[in-house]
Amino acid sequence: MEWFERTKPYEADLIADLNQIVKIPSILDPNTQSDRTPFGVDMARALAKMEELAVRDGFRYGRVDNMVTWIEYGPADAAETVAILTHIDIVPAGEGWLRDPFKPEILDGLYFGRGAADMKADLMSAYYAMKYLADHEITLTRKIRLIIGTDEENGWRDLPRYFEVEGEPTMGFSPDGAFPVVNGEKAFQTVQLRFANQTTGDYVLRRFIAGSRPNVVPGEARARVSVPNPAQVQNEFATYLAQYPFLSGQSEVRDQEVRLLLKGVQAHGAYPQDGENAGTYLANFLRRFAFNADAKTFLDFIGRVVHDDIGAENLGLRYHDDVMGDLTLNVGVMRFSQNGQGTILLNFRYPQGVNVQAVTTQVQRHLGDFAATVEVWPGEWNRIWSRNR
């Protein structure tokens with residue numbers, strides 16, 4: 001209670017500063033990537049905003065290759081550094097917001113805004129903890145360094161570069177977890193499947209798109225198909241949606257094609273049980289029709305093998321650790337374009353007792369007729385994402 005009363009005067013200013021960074025859509029943007037802005041212009045804007053606060057409040061700060069900003073309090077020549085590891089990048093906002101996700105507001109005592117929970121509010125809380133120490137001129141023997149990354153949601157390319165330039169801290173923690181402390185975390189790895197997209201016959205899968213990031217449960221999926229009887233597909237699609245009250249969607253016929261939109265429930269990829277994967281449900285619906293060649297195996301893999309299987313049992317990977325819990329699977333990205341190259345990104349979270357080699361080996365073993373190459377991601381994802389979104 002004593003600390004609550006002491007810090008209460010900071011609440012309004014903290015929220016005002018938090019609003020400033022939530023308004024910045026700090027999402028990986030291949031369209032504005034360059035040597036000067038490695039993860040996009042908005043990411044650099046977000047770092048600059050934190051540096052403005054540092055200047056205002058009299059903190060030392062610096063930036064590493066427009067990937068990481070650090071803000072520091074305590075004796076500059078201290079032998080030891082306590083790091084607070086944070087990130088300012090967020091996942092895409094997605095669809096279905098009732099209000100603008102980048103116009104934060106407080107409703108019924110809850111703060112709403114994209115990226116607030118993961119992890120801009122935690123970042124700002126850590127910043128204000130440092131500000132409290134500085135305002136009260138509390139003497140430290142170690143220096144505290146707030147490290148703000150920009151690639152936590154994607155390829156983790158920021159901190160390795162920071163450590164190359166600045167070195168590793170003596171000790172540290174991240175406020176990106178559960179209270180009061182998480183002393184161990186599952187490993188996570190994304191496995192990429194690449195395959196050809198040959199499809200002919202009466203049923204042709206022209207295009208299939210679901211997901212924007214491997215660590216997000218897709219909340220929306222779209223497909224374009226050429227079929228002998230479009231009305232039949234539309235009618236069966238309506239019946240399929242009626243079976244699952246948590247799904248919604250629509251269909252239309254355009255240029256002799258049926259265009260399908262299916263909406264599920266988006267969630268963080270670490271908690272696939274909280275979502276309903278729109279991509280695997282759409283594939284599960286389409287696999288009932290007589291597609292052939294690569295379209296058939298693509299739809300069968302995501303619509304049967306990995307559909308509704310967050311424990312990866314169908315891949316032979318079900319595993320439980322008494323301390324860290326279950327291995328989980330999120331099918332984060334699905335791409336199919338006729339006569340092009342397709343991509344599926346499988347995001348695994350696994351406890352101690354499992355390793356990435358076991359994951360990739362089991363995926364390879366359970367491909368069946370699916371002629372796909374299996375490799376550890378990230379690869380050329382920026383290019384793939386930009387081309388297919």
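Is glutamate 105 buried, partly exposed or exposed, and what is its relative accessibility?

1. Glutamate 105 is partly exposed, because its relative accessibility is 27% and the buried class stops under 20%. This is a predicted model, so that value is computed from predicted coordinates.

2. Glutamate 105 pairs with arginine 99 in a salt bridge. Their closest N and O atoms are 3.1 Å apart. Arginine 99 has a relative accessible area of 46%, so this residue also counts as partly exposed.

3. Some salt bridges share partners. Asp17, Arg56, Asp57, Lys131 and Asp135 are joined in this way into one network. The count of salt bridges comes to 28.

4. Another pair is glutamate 11 with lysine 8. The closest N and O atoms of this salt bridge lie 2.6 Å apart. Glutamate 11 is partly exposed at 38% relative accessibility. Lysine 8 is partly exposed too, at 41%.

5. Lysine 143 and glutamate 72 form a salt bridge, with 3.9 Å between the closest N and O atoms. The cut-off is 4 Å, so this pair qualifies. Where do the two residues sit in the fold? Lysine 143 belongs to strand 6 (residues 143–149) and glutamate 72 to strand 2 (residues 68–73).

6. Why pair at all? Side chains of opposite charge can pair when their charged atoms come close.

7. Helix 6 covers residues 230–243, which makes 14 residues.

8. Which residues of helix 6 are buried? They are Val233, Phe237, Tyr240 and Leu241. Viewed down the axis of helix 6, these buried residues fall within an arc of 95°, so they line one face of the helix.

9. What does the buried side of helix 6 pack against? Its buried residues contact strand 12 (248–254), strand 13 (257–263) and helix 7 (278–286). The face turned away from the buried side carries the exposed residues Asn235 and Ala242.

Key
Residues numbered from 1 in each chain as written. Predicted model: local features only at pLDDT ≥ 70, side-chain atom pairs only at ≥ 80, totals over all residues. Heavy atoms only, no water. Salt bridge = Lys/Arg side-chain N within 4 Å of Asp/Glu carboxyl O. Buried < 20%, exposed > 50% of the residue type's maximum accessible area, 1.4 Å probe, protein only. Helix = DSSP H or I, 4+ residues; strand = E, 2+ residues; numbered from the N terminus. Expected span 1.5 Å × (residues − 1). Arc of directions from axis to C-beta. Contact = heavy atoms within 4.5 Å.
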